[in-house]
Amino acid sequence: QPPSATISPASAAAAAPARPAAAPAAPTPAAAAPAPITKPTPTPAPVPAPQPQASQASKSGAAGKMTAAQVAELKSKLAEFSSQLGDKFVGTLIDKILVEVPKRLATLRESFGQGQAGRDEFQRQAHTLYSTTAQIGAMYYADIAKKVELATKAGKMAEQGESVTWLEDHFDVLRAELSTIRG
């Protein structure tokens, strides 16, 4: 190789143009207090209207039956009540649900038909359906009732017609299972 093609690191450094030195960092005040840490207040996400018809297959089994997992969840919760409070209590609880939930559904439908004039009652009935069915372990049903309640709070009551129909239709499924458990 010709000598002019070989450049050593020392000769490269000597041949490089000089760079200006970096400016020293600005001194920071030693006594400055750190800025207080504040947590941002989260903005609640909008509550979408429930779509039970679109997801009906995932909410209940084929042919209007509860899935095995839903039945197991229901039976587990009722067995827990039975072990703590006795079979008589569970029988009375089921009987009360079989009488009260249809009344609540009728009031829900009636208040829905009243539009905004029935909004408070509609929301109250949706909440009661949620809490009653969640308490016994029928979470697939309770979840839709809760979505109806939250959507109503968010001003979307008018969009809940399909959800009300779903709750009415699927109570028949829940009623059949509760009646079987009751014996």
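In this predicted model, Gln 125 lies in helix α5. Its relative accessibility is 5%, so Gln 125 counts as buried, the cut-off being under 20%. Beyond its neighbours within four places in sequence, Gln 125 contacts Arg 104, Thr 107 and Leu 108.

Helix α5 also packs against α6. The angle between the two is about 155°, and their axes lie 8 Å apart. α5 is therefore roughly antiparallel to α6, since angles over 145 degrees fall in that class. The crossing of α5 past α6 is left-handed. On the α5 side, the contact involves Arg 119, Phe 122, Gln 123, Ala 126, His 127, Leu 129, Tyr 130, Thr 133 and Ala 134. On the α6 side, Met 139, Tyr 141, Ala 142, Ala 145, Lys 146, Val 148, Glu 149, Thr 152 and Lys 153 take part. Of the residues in this contact, 10 are nonpolar, four polar and four charged.

Tyr 141 of α6 belongs to this contact and also to the largest nonpolar core. That core holds 32 residues. Tyr 141, Leu 78, Leu 167, Leu 174 and Leu 178 touch the most other members. Two or more residues come from each of α3 (68-85), α4 (87-113), α5 (119-135), α6 (139-153) and α7 (161-182). The most come from α4, which gives nine.

The contacts of Tyr 141 were listed without residues up to four places away in sequence. They comprise Val 101, Leu 105, Thr 133, Trp 166, Leu 167, His 170, Phe 171 and Leu 174. Among these, Leu 167 and Leu 174 are also named with Tyr 141 as touching the most other core members.

Key
Residues numbered from 1 in each chain as written. Predicted model: local features only at pLDDT ≥ 70, side-chain atom pairs only at ≥ 80, totals over all residues. Heavy atoms only, no water. Core = buried A, V, L, I, M, F, W, Y, C linked by side-chain atoms within 4.5 Å. Buried < 20%, exposed > 50% of the residue type's maximum accessible area, 1.4 Å probe, protein only. Helix = DSSP H or I, 4+ residues; strand = E, 2+ residues; numbered from the N terminus. Contact = heavy atoms within 4.5 Å. Axes fitted to C-alpha atoms, helices over the stretch in contact; angles between N-to-C directions. Parallel < 35°, antiparallel > 145°, perpendicular 65-115°, else oblique. Left-handed = near helix turned anticlockwise from the far one by under 90°. Nonpolar A, V, L, I, M, F, W, Y, C, P; charged D, E, K, R; others polar.
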